[in-house]
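Here is a short briefing on one structure. Take a look at the sequence and the fold, then read on.

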Amino acid sequence: MTSLSKRKHPRHDAWFTELSLGAASWSGLGGAEGDQIAAKVVEDAWDAGVRYFDTAPYYGSGLCERRLGTGLVWKAPSDFLLSTKVGINLDPFGRGASVNRHYRHHAGFAPICDYSESGIRQSFETSLHRMGIPSADIAYMHGLSICDGGIEAALETGMPALLRLREAGHVRMVGVGANTPAIAMAFLERYDIDLLLFAGGFSLMDHKGAEAVIAACSNRDIGVIAASPFASGRYFLDENTAFRGRLQSLCTAFGVPENAAVIQFALRYPPVLSVLWSTKNPANVARTVAALHEHIPVGFWDALRDDKLLGF
Ligand SMILES: NC(=O)c1ccc[n+]([C@@H]2O[C@H](COP(=O)([O-])OP(=O)(O)OC[C@H]3O[C@@H](n4cnc5c(N)ncnc54)[C@H](OP(=O)(O)O)[C@@H]3O)[C@@H](O)[C@H]2O)c1
């Protein structure tokens, strides 16, 4: 058993491991074999010291909540942080217009966008039921760029409902899952949130326009969770070859493994509490933890800035 460095939320007695595990990657894994793989990933991550875990109703339509809950249910709740999301509810009867833009494995439940007061409450409660864990430390607003009119509805009714869950003491911290600076800013400017889950909008590959968001979080004591360092796998696609080629030459010059640069990028910015990644390959747990621990000289980041790979 190893341990990972932790970072404290500026306003809460909550400590985030610098690397955290998300459950989204298991959405495409069906059957009992998928259950076993997810269990192995959680256990290996736990043994490597990971103590912050994230899931959502939308991921595999409940499948990933169930798998994450199974992996964590016998751990002491005070030993880890857990987040889920609200805004996309699961309907077992296929009522309403379902959204299913990312995840093929559906588990028979239809994901329905619902930012009403009762929808937010129901989303949070049923998420706890599916996980089999009666409390979560954090709830994020979800689905903003998936649901038609999601941003407006979440701003009008969803966020007030989520804040009421915090006021009632049902959840310690609330936040927003945003994949663009514009979405992040719309919520930061209007609401007193604890965390920004910046998904894909703050990675080495893509952090265009993020500087103002990071500064706003820093000024307001809002913790940032930098999610999707590998852009859900798009980092490895042909479309990113040019970026990777430039990065790889600098990595070679400084003796820095490429994945170390990808994983450690966001941690250089003070409001960032954790890098949230995901895998369906147990072997990639140790590889990612190793990438977190690699020593990277300051001169490497300076060289990336000189080469315009770093925006700020
Ligand atoms: N709006 C939101 O709220 C939102 C949006 C996106 C993400 N998130 C959260 O952030 C988490 C992470 O996002 P993500 O799923 O996009 O994850 P990611 O870490 O950016 O990408 C996962 C991809 O990277 C690959 N990978 C993982 N570790 C690797 C390694 N060491 N070497 C090479 N390839 C590796 C995985 O392949 P293998 O499976 O083969 O390892 C998979 O294809 C999600 O699970 C979710 O919890 C939230």
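Strand 10 (195–199), strand 12 (272–278) and helix 9 (283–293) each give at least two residues to the shell around the ligand. Helices (H or I, at least four residues) and strands (E, at least two) are DSSP runs, numbered from the N terminus. This is a predicted model: local features need pLDDT of at least 70, side-chain atom pairs count only at pLDDT 80 or more, and totals for chains, interfaces and linings use all residues. Residues are numbered from 1 along each chain as its sequence is written.

**The ligand shell**
- The ligand is surrounded by 29 residues, each with its C-beta atom, placed from the backbone, within 6 Å of it.
- The closest are G22, A24, G177, A199 and G233.

**Residue N179**
- N179 sits in the loop between strand 9 (173–178) and helix 5 (181–190).
- N179 is partly exposed because 19 other C-beta atoms lie within 10 Å (20 or more would be buried, 12 or fewer exposed; C-beta atoms are placed from the backbone).
- Leaving aside neighbours within four places in sequence, N179 is in contact with S145, A199, G200 and G201 (C-beta atoms, placed from the backbone, within 7 Å).

**Helix 3 and helix 4**
- The axes of helix 3 (residues 117–131) and helix 4 (residues 150–167) come within 8 Å and cross at roughly 50°. Axes are lines fitted to C-alpha atoms, for helices over the stretch in contact, and angles run from 0 to 180 degrees between N-to-C directions.
- Helix 3 contributes E117, I120, R121 and F124 to the contact, and helix 4 contributes T157, G158, A161, L162 and L165.

Notes
Two residues are in contact if their C-beta atoms, placed from the backbone, lie within 7 Å.
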